[in-house]
Amino acid sequence: PTTVPGKAIAPGSEIRVAYGDKIMLSFVSIQPGAAIPQHSHPHEQGGVCLEGSFEFTIGDETRIVRKGEGWMIPGGVPHSVRGLEAAASALDIFCPPREDYK
């Protein structure tokens, strides 16, 4: 597997990824008030909140995700994240790996 140094994906949000041929792990840090704008991609995405909490919108559903809670996003579904009052971190898992994150 290959690990890539930290990379900003939006102001106040950074990822560090590790990937192989068929799967990618993305460790995400989200600062208070940071916003990852709505986007979509063909990759299936699942994840879990590791620390803190954040607002997550997937399709038409918005909820607060807390430590230990997870999500699954089918490819092509729009989603966005908004940081709350404290820093948070999450693990996103992509299949197949996202070329734009390598």
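Trainee: Are F54 and W71 buried or exposed?

Mentor: The term rests on relative accessible area: buried is under 20%, exposed is over 50%, and partly exposed lies in between, with a 1.4 Å probe and protein chains only. By that rule, both F54 and W71 are buried. Please note that this is a predicted model, in which local features need pLDDT of at least 70 and side-chain atom pairs count only at pLDDT 80 or more, while totals for chains, interfaces and linings use all residues. Residues are numbered from 1 along each chain as its sequence is written, and side-chain values use heavy atoms, with hydrogens and water left out.

Trainee: How many aromatic pairs does the structure hold?

Mentor: A pair of aromatic rings is described by the distance of the centres and the angle of the planes. Rings of Phe, Tyr and Trp (its six-membered ring) pair if their centres lie within 6.5 Å; planes under 30 degrees apart are stacked, over 60 edge-to-face, and the rest tilted. The structure holds four such pairs. In one of them, the ring centres of F54 and W71 are 5.8 Å apart and the planes stand at 80°, so the pair is edge-to-face. F54 belongs to strand β6 and W71 to strand β8, so this pair ties together parts that are 17 residues apart in sequence. Strands here are DSSP runs of E with at least two residues, numbered from the N terminus. F94 and Y101 also have ring centres 5.8 Å apart, with planes at 90°, so that pair is edge-to-face. F94 is buried at a relative accessible area of 2%, and Y101 counts as buried at 11%.

Trainee: Which residues do ring pairs link into a cluster?

Mentor: The cluster consists of F54, F56 and W71.

Trainee: Which residues touch the most other members of the largest nonpolar core?

Mentor: In soluble globular proteins, nonpolar side chains tend to be buried together. A nonpolar core is a set of buried Ala, Val, Leu, Ile, Met, Phe, Trp, Tyr and Cys residues joined through side-chain atoms within 4.5 Å. The largest one here has 21 residues, and V17, F54, F56 and W71 touch the most other members. Two or more residues each come from β1 (2–10), β2, β3 (24–30), β6 (53–58), β8 (70–73) and β10 (88–95).

Trainee: Which residues lie nearest the centre of the largest pocket?

Mentor: Rolling a probe the size of a water molecule over the atoms shows where empty space is left. On a 1 Å grid over the protein atoms alone, a pocket is an open set of points where a 1.4 Å probe fits, with protein on both sides within 12 Å along at least five of seven lines; lining residues have an atom within 4 Å of a point. The largest pocket is lined by 20 residues, and I9, I36, H39, D92 and Y101 lie nearest its centre. At least two lining residues are supplied by each of β3, β4 (35–39), β6, β9 (79–83) and β10. The largest share, four residues, comes from β4.

Trainee: Which residues does S13 touch, beyond those up to four places away in sequence?

Mentor: Contact means heavy atoms within 4.5 Å. On that basis, S13 touches K7, A8, S29, I30, A34 and I36. S13 is in strand β2 (residues 13–19) and, at 3% relative accessibility, counts as buried.

Trainee: Where does K7 lie?

Mentor: K7 lies in strand β1 and is partly exposed at 33% relative accessibility. Leaving aside neighbours within four places in sequence, K7 is in contact with S13, E14, I15, D100 and Y101. K7 and V17 are ten residues apart in sequence, and their C-alpha atoms are 8.9 Å apart in space.

Trainee: Is the peptide bond from C95 to P96 cis or trans?

Mentor: The bond is cis, with omega near -10°. P96 is in the segment after β10 and is partly exposed, with a relative accessible area of 45%. Apart from residues up to four places away in sequence, P96 touches K22 and H43.
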